[in-house]
Amino acid sequence: MASSLQTHYLSLPYGQIAYDDTGGPGPLVVAIPGMGDLRNEYRALRPLLWLAGYRVVTMDIRGHGDSSVVWDDYSARAVGLDALELIQRLQAGPAVILGNSFAAGSALWAAHEMPEQVRGVVLLGPVVRDGEPPWWARAAVAVGFAGPWRTAFWLAFWDSLFPLRKPDDHVQARAVLAASLREPGRMAALRAMVGLSKADTEAIVARSRVPALVVMGTRDPDFPDPVAEARWLGEQLGAAPVLVEGAGHYPHLEVPEQVAPALLAFLARTAPLR
């Protein structure tokens with residue numbers, strides 16, 4: 001795998017989805033980043049999975065990164081359908097789908113819509129149902145997205161999602177994310193995504209029938225009680241959650257050396273190498 005992969009594009013009726021592809025004959029793993037982030041959030045896991053023999057495809061979601069900005073639908077389901085379209089265009093399925101945060105719902109939607117194309121789902125810091133933030137938190141979000149400080153607001157929030165430690169290349173990754181979010185229309189797309197209810201995703205969780213791995217940092221600031229949230233989701237999916245002590249919303253970036261063994265064990269069960 002080259003250290004810098006060439007960006008490819010999946011053309012859809014309303015826009016393009018950018019993705020990187022390590023290539024290779026191994027089982028396919030499709031990794032979807034969360035809202036407000038880029039496909040390079042899998043930069044720590046991708047080489048580990050590729051060296052283990054897997055073909056790894058990382059994609060930018062709608063409105064983000066190198067994907068098109070304007071779409072008629074930014075929902076988790078729509079992003080999940082994009083992942084399915086990518087799997088079929090590559091003619092490399094079925095795949096294991098990784099989803100972080102909001103995109104954990106996209107992984108579940110892909111499995112719900114076409115279970116024959118999904119071997120399993122890996123849900124990292126999964127946000128699959130609506131929370132009940134206090135009024136002041138809702139007000140802070142409204143103010144944060146209201147003015148020219150919106151990109152700085154999001155980046156400050158993003159920085160807070162790494163309570164255990166920031167990756168060694170965090171400063172560089174932050175600069176890339178900042179430049180992307182400053183492109184015309186990017187923050188508007190993110191704001192649209194933030195405002196969507198996840199009730200439709202919650203409704204399909206208990207109906208999922210594909211193997212699942214739930215990975216949650218015990219200090220994930222997206223949840224009042226991340227351990228309880230991980231256990232609830234694990235019970236719904238019939239999967240004991242992997243709890244990463246002290247990690248936040250990106251355990252796969254904070255401590256990839258702890259997440260990778262659980263992920264590789266899951267892949268060995270669901271997508272064994274030939």
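**Overall build**

The model is a predicted one, and its secondary structure comes to 11 helices and eight strands. The protein has 274 residues, and because a compact globule of that length would have a radius of gyration near 19 Å, the value of 17 Å found here agrees with such a globule. Taken along the principal axes, the box that the C-alpha atoms fill is roughly 50 × 40 × 35 Å.

When contacts between residues at least 6 apart in sequence are considered, 75% of them join residues that are at least 24 apart. As for charge, there are 24 positive and 28 negative side chains, and the centres of the two sets lie 1 Å apart.

**Helix α7**

Helix α7 spans residues 186-194, and within this helix Arg186, Met187, Ala189, Leu190 and Met193 are buried. Seen down the axis of α7, these buried residues fall within an arc of 155 degrees, so they line one face of the helix.

Gln88 belongs to helix α2, which runs over residues 76-90, and with a relative accessible area of 37% Gln88 is partly exposed. If neighbours within four places in sequence are left aside, Gln88 is in contact with Met114 and Gln117. Gly26 is 62 residues away from Gln88 along the chain, and the C-alpha atoms of the two are separated by 16 Å.

The loop between α2 and β5 holds Gln91 and also Pro94, with β5 itself covering residues 95-100. Most residues other than glycine have a negative phi, and most peptide bonds are trans. Against that background, the bond joining Gly93 and Pro94 is a cis peptide bond, with omega about 0 degrees. Gln91 has a positive phi, near 55 degrees, although this residue is not a glycine.

A positive phi is also found at Ser101, where the angle is near 60 degrees, again in a residue other than glycine. Ser101 lies in the loop between β5 and α3. Is the setting of Ser101 buried or exposed? At 9% relative accessibility, Ser101 counts as buried, whereas Gln91, at 73%, counts as exposed.

**A loop residue between β7 and α9**

Pro224 lies in the loop between β7 (212-217) and α9 (226-237), and at 90% relative accessibility this proline counts as exposed. Pro148 stands 76 residues from Pro224 along the chain, and a distance of 29 Å separates their C-alpha atoms.

**Accessibility of the single residues**

The table below gathers the relative accessibility of the residues discussed above.

| Residue | Relative accessibility | Class |
|---|---|---|
| Gln88 | 37% | partly exposed |
| Gln91 | 73% | exposed |
| Ser101 | 9% | buried |
| Pro224 | 90% | exposed |

How values were computed. Residues numbered from 1 in each chain as written. Predicted model: local features only at pLDDT ≥ 70, side-chain atom pairs only at ≥ 80, totals over all residues. Heavy atoms only, no water. Helix = DSSP H or I, 4+ residues; strand = E, 2+ residues; numbered from the N terminus. Rg over C-alpha atoms; globule rule 2.2 N^0.38 Å. Contact = heavy atoms within 4.5 Å. Lys, Arg positive; Asp, Glu negative; His and termini not counted. Charge placed at Lys NZ, Arg CZ, Asp CG, Glu CD. Buried < 20%, exposed > 50% of the residue type's maximum accessible area, 1.4 Å probe, protein only. Arc of directions from axis to C-beta.
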